[in-house]
Amino acid sequence: MTMMMMITITMMMLMALMLGAAAACIVVLVPLGMAGWHLSRNSVLLFSGAILITLSVCVHFTPYFSSVSDYVTSVSSVAVFHRPKSSCMNLIHRIHWEVKPNASLLSFNATQNLSSSFDFYEKHWDWSKTQRIKACRIHKLSKPEASHLINGSWVLIAGDSQARLFTLSLLNLILGSEPQRMDSVKTALFKRHSNYSISVDEIGMKLDFVWAPYVLNLTHLLTDFKTKKKYPDVMVMGAGLWHMLHVSNPSDYELVLQTLKSSLVSLFPFSTELGIKSPPHLFWLGFPMLINGMLNAHEKRVHMIDAMWHAYDRALSESRLLRQTGGPMILLDIQSLTWNCGAHCTYDGMHYDTAIYEAAVQIMLNSLLIKSRHRH
């Protein structure tokens, strides 16, 4: 008897609930539908009425779906960096290499001062000659073009020896016609494990190189910028080789990259109180191809094996630091450049010919040009 009463009460509750829902629909939707019918005599009013009806339905029913409400309130607090939509940005690494014996050294003799077979080869590169490349106006920028592009900019390059070589190539493009000045730059820039700064007054450019062999050094650098409330216009960063050699833990590398990404996301999108008019252009220097048999130290050959540097490269991807995986930084793909140039482009299996870093500089400059055209 008791069971029958419980079933009866439950059925009555369900019927009441259904009647209540039906009544709600009648109360909400019928008047709105009638209003829409009256508005249908005028197309403009009909469109407005349709929007009103849709919004009213959403307002009445959204509270009953907690997951939707939670999503709506939380999505505004999430920073999302979209992948580059520009097809031109997808073409900037389409570089063709030509590596051939140096004709002037074919008659090489023992009296010539050559460090290795590395010196026997000429390295030439250019973008593939396709209509899409031409349409995007991707090209090697001359000194005047590069100077005009970064005129008045503060450029920061931070990282390990790869970043130092990148710095040299950028300055060589800007100051290359002044050999004595470049000699002075090389002497100061290549002081072991030191920072370097230069102002190019002719174009109002300031460049800082910061020795930062670990990703943690880069994160601390961002903290300093936040404290000073002043940021560079262009930031090029890259670190990982020291971590691979001395820590040899890809999982830890991924974690420190995620911390760096969090620091970047917390700083940009920039509040006006920080005095930033537009976000810096952010670039990441990828790993070079490591050729284990050419590495010049036993410790390097033990720790920097192919499996290890591939694991580190995967950690970079999985950290989502890069724009192509939803992060804030555009990749300067040193790995693809060194892979395509090959073993004749390196003398120690890690550091490569200046042509590699010249190409990376041009890729960065063309990225800035493409972004500038889209902005205007």
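Q: Which residue forms a salt bridge with D208, and how far apart are the closest N and O atoms?

A: A salt bridge is a side-chain nitrogen of Lys or Arg within 4 Å of a carboxyl oxygen of Asp or Glu. Side chains of opposite charge can pair when their charged atoms come close. Here D208 pairs with K206, with the closest N and O atoms 3.7 Å apart. This is a predicted model, in which local features need pLDDT of at least 70 and side-chain atom pairs count only at pLDDT 80 or more, while totals for chains, interfaces and linings use all residues. Residues are numbered from 1 along each chain as its sequence is written, and side-chain values use heavy atoms, with hydrogens and water left out.

Q: Is D208 buried or exposed?

A: Buried means under 20% relative accessible area, exposed over 50%, and partly exposed in between (1.4 Å probe, protein chains only). D208 counts as buried because its relative accessibility is 11%, whereas K206, at 39%, counts as partly exposed.

Q: How many salt bridges does the rule give, and which residues are linked in a network?

A: The count comes to six salt bridges. E178, R181 and E202 are linked in a network of them. Within it, R181 and E178 have their closest N and O atoms 3.5 Å apart. R181 is partly exposed at 26% relative accessibility, and E178 is partly exposed at 27%.

Q: Which salt bridge links distant parts of the chain?

A: D353 and K123 form a salt bridge (3.5 Å, N to O). Helices (H or I, at least four residues) and strands (E, at least two) are DSSP runs, numbered from the N terminus. D353 lies in the loop between α13 (334-341) and α14, and K123 in strand β2 (residues 121-127), 230 residues apart. Both residues are buried.

Q: At what angle do helices α6 and α7 pack?

A: Axes are lines fitted to C-alpha atoms, for helices over the stretch in contact, and angles run from 0 to 180 degrees between N-to-C directions. Helix α6 (residues 161-175) and helix α7 (residues 179-189) pack at about 165°, their axes 11 Å apart. α6 is therefore roughly antiparallel (over 145 degrees) to α7.

Q: How is α14 oriented relative to α6?

A: Helix α14 (residues 354-375) packs against α6 at an angle of about 70°, with axes 8 Å apart. The two are therefore roughly perpendicular (65 to 115 degrees). Contact means heavy atoms within 4.5 Å; among the residues that meet are F166 and L170 in α6 and Y357 and M364 in α14.

Methods: Parallel < 35°, antiparallel > 145°, perpendicular 65-115°, else oblique.
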